[in-house]
Amino acid sequence: MKALKATLTALMLTGVSPALAEDWTGPFVGFSFGYADADGPGGVGGSDSAFGPFIGYDYDFGSFVLGGELEYNRLNLDLGEGEGSLDGVSRLKLRGGYDFGSALGYVVVGTARADTSGDSDTAAVYGIGVAYPVNDRFVISGEALRQDFDLDSRPSGSVDTNVFNLRTTFRF
């Protein structure tokens, strides 16, 4: 959260003018590549790369942008200790943010579904992100997301996951 505040403050101090504001309204598709880290009790956990597609829609209300997104991250994360693996995470996200003109800072809330070699679970997802338009159609962004899964078949209980994604987006 401190990193987001510092980034947003830096953007405001650079003198970004609202007249330069980007129009974020419309559908988009993209691909993300990142890093996933899972932690559970008793040393259960691991880390691996994460990648996958996403699709969504944003609506620009002036300075405020609201949107929704469906995302899938493919993983092959071995949880160790004979606990199986985390194979993928699907997310349905609502995001809202502030248009700084040359960038969009936003927060994410929604639901996530973990697909594992044993059990699956649905949990809340929340996080932050920053998007920067390269031109009218192409956007690069970064997100940090958190999910706390409670996998019933696991004797040790919950698995907390953090995912950090770099994203490329094509807007229509």
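Q: Which strand does leucine 94 lie in?
A: Leucine 94 belongs to strand β4, which covers residues 85-99; strands here are DSSP runs of E with at least two residues, numbered from the N terminus. This is a predicted model, in which local features need pLDDT of at least 70 and side-chain atom pairs count only at pLDDT 80 or more, while totals for chains, interfaces and linings use all residues. Residues are numbered from 1 along each chain as its sequence is written, and side-chain values use heavy atoms, with hydrogens and water left out.

Q: And why does leucine 94 count as partly exposed?
A: Because its relative accessibility is 46%, leucine 94 counts as partly exposed, a class that lies between buried (under 20% relative accessible area) and exposed (over 50%), with a 1.4 Å probe and protein chains only.

Q: Which residues make the nonpolar surface patch?
A: Tyr57, Tyr59, Phe61, Phe64, Leu66, Leu94, Val109 and Tyr126 make a nonpolar surface patch of about 790 Å². The elements giving two or more residues to the patch are β2 (45-60) and β3 (64-78). Patch residues have over 30% relative accessible area and no salt bridge, and nonpolar side chains (Val, Leu, Ile, Met, Phe, Trp, Tyr) are joined within 5 Å, like charges within 9 Å.

Q: Back to the strands: in what order do they close into a barrel?
A: The 8 strands close in the order β1-β2-β3-β4-β5-β6-β7-β8, with antiparallel pairing, and neighbouring strands of this sheet are turned by 25° against each other on average, direction ignored.

Q: How many bridges pair β4 and β5?
A: β4 and strand β5 (residues 104-116) pair in the antiparallel sense over 13 bridges, where pairing requires that DSSP finds at least two bridges between two strands. Valine 89 stands opposite alanine 114 in β5.

Q: New topic: how many salt bridges does the structure hold?
A: The structure holds 10 salt bridges, each being a side-chain nitrogen of Lys or Arg within 4 Å of a carboxyl oxygen of Asp or Glu.

Q: What does glutamate 69 form a salt bridge with?
A: Glutamate 69 forms a salt bridge with arginine 167, with the closest N and O atoms 2.8 Å apart. This pair links distant parts of the chain, since glutamate 69 is in strand β3 and arginine 167 in strand β8 (residues 158-171), 98 residues apart. Glutamate 69 and arginine 167 are both buried.

Q: And lysine 93 with glutamate 143, buried or exposed?
A: Both lysine 93 and glutamate 143 are buried, and the closest N and O atoms of their salt bridge are 2.8 Å apart.

Methods. Accessible areas come from the Shrake-Rupley method with a 1.4 Å probe; for residues, only the protein chains shown count as cover. Helices (H or I, at least four residues) and strands (E, at least two) are DSSP runs, numbered from the N terminus. Axes are lines fitted to C-alpha atoms, for helices over the stretch in contact, and angles run from 0 to 180 degrees between N-to-C directions.
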